[in-house]
Amino acid sequence: MAVDGSDMSDTSNMAVARKADIDAKISAAAAMAAREPADITVLAISKTQSIEAIKPLLHLGHRQFGENRVQEAKEKWPVLKDEFADCCLHLVGPLQTNKVKEAIGLFDVIETLDREKLARKLAPHKDQADFPQLYVQVNTGNEPQKSGIHPAELAAFLTLCRDELGLSIAGLMCLPPADQAAGPHFALLAKLAATHNIKALSMGMSGDFETAIGLGATHIRLGTALFGPRDNY
Ligand SMILES: *Cc1c(COP(=O)(O)O)cnc(C)c1O
């Protein structure tokens with residue numbers, strides 16, 4: 001890095017450029033669907049990104065982020081939230097039941113409520129002031145290796161969460177199969193949300209967020225589109 005810190009400002013300029021490009025694409029996709037861009041929240045998925053890589057977005061005023069690992073979020077976000085108190089952090093990766101307490105303290109939204117055991121571990125904490133909003137992850141492709149409630153089992157799972165455990169479900173999220181067109185999966189998730197009177201729809205990533213916006217996404221999850229390519233890990 002140059003002594004004058006020009007490396008940092010390059011990172012910043014890249015963030016500004018990527019953000020502007022995405023904002024324009026969101027506006028266009030929203031217009032096509034007769035929706036308001038303001039009704040679509042961009043979650044900057046900052047997994048694998050350093051605090052230094054995240055800060056330019058915070059300085060641009062961006063406040064909605066997503067991480068997929070509790071441990072990694074714990075290393076980065078308490079520091080960042082000290083400086084940027086109004087951040088909203090979503091968990092978008094699997095949650096082990098032994099990390100529930102930590103996750104409640106760290107995250108504002110848990111998007112990956114995906115099984116009964118986890119619902120039962122969360123429920124005793126539901127009256128805490130810092131209890132996060134919950135989204136149910138739906139395995140729209142019925143993929144055996146993927147987490148999430150299968151569509152045919154969603155009604156029963158929601159009854160368990162809402163009626164038996166007293167948990168409010170604020171949203172649904174999905175990760176469509178990598179080898180299929182995402183559109184039908186997004187349409188299915190939107191239909192399920194409408195059927196069960198659920199408002200938030202977290203769907204669409206860097207490669208397919210415009211499709212997701214057309215099908216009603218309220219939260220799109222963007223990693224590479226905002227930060228550039230990340231190292232696989
Ligand atoms: C990594 C990740 C994203 C972002 O993926 P990109 O293709 O980089 O936008 C979105 N959602 C989840 C659950 C992820 O793990």
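1. Buried means under 20% relative accessible area, exposed means over 50%, and partly exposed lies in between (1.4 Å probe, protein chains only). Helices (H or I, at least four residues) and strands (E, at least two) are DSSP runs, numbered from the N terminus. In strand β3 (residues 88-91), Cys88 and His90 point one way while Leu89 and Leu91 point the other way, and all are buried.

2. A note on the source. The model is predicted, so to speak of local features requires pLDDT of at least 70 and side-chain atom pairs count only at pLDDT 80 or more, while totals for chains, interfaces and linings use all residues. Residues are numbered from 1 along each chain as its sequence is written, and side-chain values use heavy atoms, with hydrogens and water left out.

3. Strand pairing. Two strands pair if DSSP finds at least two bridges between them. Strand β2 (residues 64-67) runs parallel to β3, and four bridges join the two. Within this pairing, Gly66 has His90 of β3 as its bridge partner. Strand β4 (residues 109-113) pairs with β5 in the parallel sense, over three bridges. Here Ile110 has Leu134 of β5 as its bridge partner.

4. Contact means heavy atoms within 4.5 Å. Leaving aside neighbours within four places in sequence, Val109 is in contact with Cys88, Leu89, His90, Leu91, Pro132, Gln133 and Tyr135. Val109 is also 61 residues from Ala170 in sequence, with 9.2 Å between their C-alpha atoms. Outside four places in sequence, the contacts of Thr112 include Leu91, Val92, Gly93, Tyr135, Gln137 and Met173. The C-alpha atoms of Thr112 and Leu134 are separated by 7.8 Å, and the two residues are 22 apart along the chain.

5. The nonpolar core. A nonpolar core is a set of buried Ala, Val, Leu, Ile, Met, Phe, Trp, Tyr and Cys residues joined through side-chain atoms within 4.5 Å. The largest one has 64 residues, and among those with the most contacts inside it are Phe65, Phe107, Leu113 and Val136. Which residues does Phe107 touch, not counting those up to four places away in sequence? They are Glu67, Val70, Ala73, Leu89, His90, Leu91 and Pro132.

6. Helix α2. This helix covers residues 51-59, and Ile51, Ile54, Pro56, Leu57 and Leu58 are buried in it. An α-helix has 3.6 residues a turn, so residues three or four places apart point the same way. After α2 comes Gly61, with a positive phi near 100°.

7. Most residues other than glycine have a negative phi. Ala34 has a positive phi, near 55°, and is found in the loop between α1 (6-32) and β1 (41-45). Its relative accessibility is 74%, so Ala34 counts as exposed. Thr48 has a positive phi of about 70° and lies in the loop between β1 and α2. Thr48 is partly exposed, because its relative accessible area is 30%.

8. Two buried loop residues. Not counting residues up to four places away in sequence, His196 touches Leu154, Ala155, Leu158 and Arg162. Gly223 lies in the loop between β8 (219-222) and α9 (224-227) and counts as buried at 7% relative accessibility. Beyond four places in sequence, Gly223 touches Ile45, Ser206, Gly228 and Arg230. Gly223 and Phe65 are 158 residues apart in sequence and 9.7 Å apart in space, C-alpha to C-alpha.

9. The largest pocket. On a 1 Å grid over the protein atoms alone, a pocket is an open set of points where a 1.4 Å probe fits, with protein on both sides within 12 Å along at least five of seven lines; lining residues have an atom within 4 Å of a point. The largest pocket has a volume of about 380 Å³, a volume being the space filled by probe spheres set on the points. Of its 19 lining residues, the closest to the centre are Lys47, Asn68, Val92, Leu175 and Met205.
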